[in-house]
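Hi there,

Here is the structure I promised to pass on. My notes on what turned up in it follow below.

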Amino acid sequence: MSFFKKLKEKFVKNPETDEENKSHTSDEPLDEAQEEETQQLEGETAVDESVEEESSVEDEPSLQEEDPVEVKDAEEQSDDPLDTDDEDEQEEDTEESREEEDTEEEKESIAFKFKKGLAKTRNSFSSKINDLVARYRTVDEDFFEELEEVLISADVGVTTVMEMIEELEMEVKRRNVQDPQKVKEIISEKLVDIYYGDDDAGEVEGLKENPDGLTIYLFVGVNGVGKTTTIGKLAHRLKSEGKNVTLAAGDTFRAGAIEQLDEWGKRVGVNVTKHSEGSDPAAVIYDGIQSAKSKKADVLICDTAGRLQNKVNLMNELSKVKRVIEREAPGAPHEVLLVLDATTGQNAMSQAKIFSEATDVSGIVLSKLDGTAKGGIVLAIRNELDIPVKLVGLGEKVTDLETFDAHAFVYGLFADMIEDYEDEEKPS
C-alpha cells in the first residue's frame, strides 16, 4: 500500500470528511459547560508577550443537529420478556460502535487541524514541489539539486536537507523510480523517517506525567514567543481533561508578565501563585509547589523569565529554579518545555541551543506554526538538536494547542497532493 494511502486511512475515513469539516471550526463535541467556557475564552483576545495578536477567527458555528429519532416504548414493541436481553445486547453493540466512531472522529479532527494550521507552509511547499515535478521528465541530479533548494526554503535546515537528499537518492535508485511524480510520495515518507529516526517506534510523544502524585511542567523561552499564552492554553486543555491544575508566575522580571498569567488563570479557572514584580523566581516556584500540594493538584505549570540580554544571569536563575523543584518534588520537573516561535525560523534553532545548555530541555513547544510558510523547522529541531516536539500551536483559539504527531504533520503538508494522487489512481 502506498504511503499516501496509509496516511489517508490513518486520519480520514472517507473522502467527504474534509468537505464536512469545512463547515466546522470545532472538531470535538463539547458538553454544555465546556462549550460555554470555551466560547468565553475564545471571545477574548490573548495578548502575547511582545506582540498583540489580532484575532481573525470567526465565531464557531453550532454543531450539526441530529435528526430526532422516534423511539417506541419497549412494552409497545413486544410483550416477550426475552426481548429485554436482546435489547441489552443491542445497547452494548451500539456503545462499542459509538466508541469506535469517537476514535475515528478524533483522528479526523487532528488531521483537519494540522491541514488547516499548516495551510501557509503547504501552499508554499506544495506549489514549489509541483512546479519542480512538472518541469522534469525524469529524476536526475539536477532534479535533486532543485529539490534541495525547495526543502531549505521551507526551513528544514541545511544539515537535515543534506541527509534527506542523500537518503532520497538511495531510495529512488532502490525502487528504480523514474517518474518525478512518484518522488513526492517518497519525500513524505522520508520526512516522517527523519523525524522519528531509526531507533524510534514512531509513536506520538505526549507529555510525561507523574503517576504517583503532582506532575510539574517547567516552561522556558525568550520573551515574545507566546510562552504565557501557551501555558494558559495547556492549563485549559488539562482542566478540560478533568485535572486539577495550578500555575506559578515565575517570570518576575518582565513588566506585566505576572498580570498576564494571572489573567489566564482567571479565564481558565485555575489558581495562580504569584509574588510582586522583581521577586526571586525560585521563591515563587517554591510557594507554587507548596500550594499545589496543599490543594492536592494534579499538575503545576511553572512560568519563567525569558530575557537573553543577560545570558549568564538568566541561565543561573533557571538552574536555581530547577534545583528548587528537584528538592521539593523528587523526580520533577517531569517536562522542561522550551517554547519557540515557528515564525522566527532558524533563529529558533539558536534559542534552542542556548536553553538546552542551561537546563535539560525535554521537549519543544512550537507556537504560531499556522503563521509561517516555513514549518519545516519542526524537522530541523528534531533532527539537529535531538529534542522531540511535544506540542504545536495551530491557531489563535484556546483549543488550538495540539500534541505533535509527525504523521499528521506530513499529512498536513501533503494533503492536497494526497487527494490528487488518489484521483489519479482511480480507474478512468
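Met162 sits in helix H8, which spans residues 158-175; helices here are DSSP runs of H or I with at least four residues, strands are DSSP runs of E with at least two, and both are numbered from the N terminus. Met162 is partly exposed, its relative accessible area being 37%. On that scale, buried means under 20% relative accessible area, exposed means over 50%, and partly exposed is in between (1.4 Å probe, protein chains only).

Before going further, please keep in mind that this is a predicted model, in which local features need pLDDT of at least 70 and side-chain atom pairs count only at pLDDT 80 or more, while totals for chains, interfaces and linings use all residues. Residues are numbered from 1 along each chain as its sequence is written, and side-chain values use heavy atoms, with hydrogens and water left out.

Next, the salt bridges. I counted a side-chain nitrogen of Lys or Arg within 4 Å of a carboxyl oxygen of Asp or Glu, and that rule gives 24 salt bridges.

- With Asp131, the closest N and O atoms are 3.3 Å apart. Both residues belong to helix H6 (residues 119-135) and are 4 residues apart, about one turn of the helix. Arg135 is partly exposed at 45% relative accessible area, and Asp131 is also partly exposed, at 41%.
- With Glu146, the N to O distance is 2.6 Å. Glu146 lies in helix H7 (residues 141-153) and Arg135 in helix H6, so this pair ties together parts that are 11 residues apart in sequence. Glu146 is partly exposed, with a relative accessible area of 24%.

Glu171 counts as buried at 10% relative accessibility, whereas Arg175 is partly exposed at 36%. Through shared partners, salt bridges join Glu171, Arg174, Arg175, Glu189, Lys190 and Asp193 into one network.

Which residues touch the most other members of the largest nonpolar core? They are Leu147, Ile301, Phe409 and Phe414, in a core of 114 residues. Helix H16 (residues 406-425) gives the most to this core, with 10 residues. A core here is a set of buried Ala, Val, Leu, Ile, Met, Phe, Trp, Tyr and Cys residues joined through side-chain atoms within 4.5 Å. In soluble globular proteins, nonpolar side chains tend to be buried together.

Ile301 is worth a click. Leaving aside neighbours within four places in sequence, its contacts (heavy atoms within 4.5 Å) include Tyr217, Phe219, Leu238, Val245 and Leu247.

Strand E2 (residues 245-249) has 5 of its 5 residues buried, so this strand is largely enclosed by the rest of the structure. Val245, Leu247 and Ala249 are buried on one side of E2, and Thr246 and Ala248 on the other. E2 pairs in the parallel sense with strand E4 (residues 299-303) over 5 bridges, where pairing requires that DSSP finds at least two bridges between the strands. In that pairing, Thr246 stands opposite Leu300. E2 also runs parallel to strand E3 (residues 271-273), joined by 3 bridges, with Leu247 opposite Val272.

In the loop between helix H11 (257-268) and E3 you will find Gly269, which is partly exposed at 44% relative accessibility. Its C-alpha atom is 8.6 Å from that of Lys239, 30 residues apart along the chain.

Finally, strand E7 (residues 389-393) is mostly covered, with 5 of its 5 residues buried. Strand E6 (residues 363-367) runs parallel to E7 and is joined to it by 3 bridges, and Val365 stands opposite Leu391.
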